Amino acid sequence: MNAWSGDWESEGPEGVLIRNAVPEDYGRIVAVCDEWWGRPVAHILPRLFLDHFHTTILIAEKGGELLGFLVGFPSPTKADEAYVHFSGVAPEQRRSGLGREMYRLFLDAARDDGRTVVRAVTSPVNERSIAFHRSIGFAVTGPHEGYDGPGTDRMAFELRL
Ligand SMILES: CC(C)(COP(=O)(O)OP(=O)(O)OC[C@H]1O[C@@H](n2cnc3c(N)ncnc32)[C@H](O)[C@@H]1OP(=O)(O)O)[C@@H](O)C(=O)NCCC(=O)NCCS
């Protein structure tokens with residue numbers, strides 16, 4: 001059993017509970033993500049991610065309060081890859097190791113599943129995300145011009161397992 005099992009639950013830093021998501025978590029995530037990012041990002045996470053990928057999504061909470069999430073999934077077409085679409089930690093919980101711990105659980109599950117590479121992307125302005133991914137071992141390239149369409153450049157992250 002691991003963080004892709006659909007009913008995973010474990011204790012993270014400072015007594016935070018980390019568990020697999022259920023589709024009903026969707027509303028709680030979109031309710032906080034604009035504030036957590038400091039800009040509008042909710043449009044990046046349509047409901048379909050929670051409906052169809054919740055068994056590999058991680059939710060962190062304490063006393064019922066949402067403190068973090070990691071939205072990722074194994075690639076259905078690239079058998080050796082997994083992808084992290086969206087991850088965030090509540091401002092008051094940052095630098096406690098929660099972001100790193102959610103990634104550790106996801107990467108372990110990806111490795112168990114035979115995946116050898118994990119990818120993610122971020123906006124070039126998101127220096128915190130770039131520093132975080134570099135710190136946990138991702139190679140960083142970019143900006144890749146027009147990666148997500150005209151005028152939308154992206155930094156790319158890659159971690160070989
Ligand atoms: C990026 C984010 C998820 C990191 O979560 P976190 O729980 O604070 O990260 P951790 O405490 O696990 O940090 C692990 C390491 O990453 C690096 N890091 C994290 N935040 C950093 C920052 N603001 N500046 C520089 N390095 C940072 C550090 O090396 C840190 O280790 P240290 O605290 O021992 O020095 C969080 O800041 C966040 O939610 N940001 C807004 C949303 C976002 O940009 N998400 C990522 C893109 S999808």
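Asp113 is partly exposed, with a relative accessible area of 40%; the cut-offs are under 20% for buried, over 50% for exposed and in between for partly exposed, using a 1.4 Å probe and protein chains only. This is a predicted model, in which local features need pLDDT of at least 70, side-chain atom pairs count only at pLDDT 80 or more, and totals for chains, interfaces and linings use all residues. Residues are numbered from 1 along each chain as its sequence is written, and side-chain values use heavy atoms, leaving out hydrogens and water.

**Salt bridges overall**
- The whole structure holds 12 salt bridges, each defined as a side-chain nitrogen of Lys or Arg within 4 Å of a carboxyl oxygen of Asp or Glu.
- One network of salt bridges links Arg19, Asp25, Arg28 and Glu61.

**Asp113 and Arg115**
- Asp113 pairs with Arg115 in a salt bridge, with 3.0 Å between the closest N and O atoms.
- Arg115 is buried, at 11% relative accessibility.

**A pair within helix α3**
- Glu101 and Arg104 form a salt bridge whose closest N and O atoms are 2.9 Å apart.
- Both residues belong to helix α3 (residues 98-112) and sit three residues apart, about one turn of the helix; helices are DSSP runs of H or I with at least four residues, numbered from the N terminus.
- Glu101 is buried at 16% relative accessible area, whereas Arg104 is partly exposed at 40%.

**Asp148 and Arg154**
- A salt bridge joins the side chains of Asp148 and Arg154, at 2.8 Å from N to O.
- Asp148 is partly exposed at 44% relative accessibility, while Arg154 is buried at 19%.

Conventions. Helix = DSSP H or I, 4+ residues; strand = E, 2+ residues; numbered from the N terminus.
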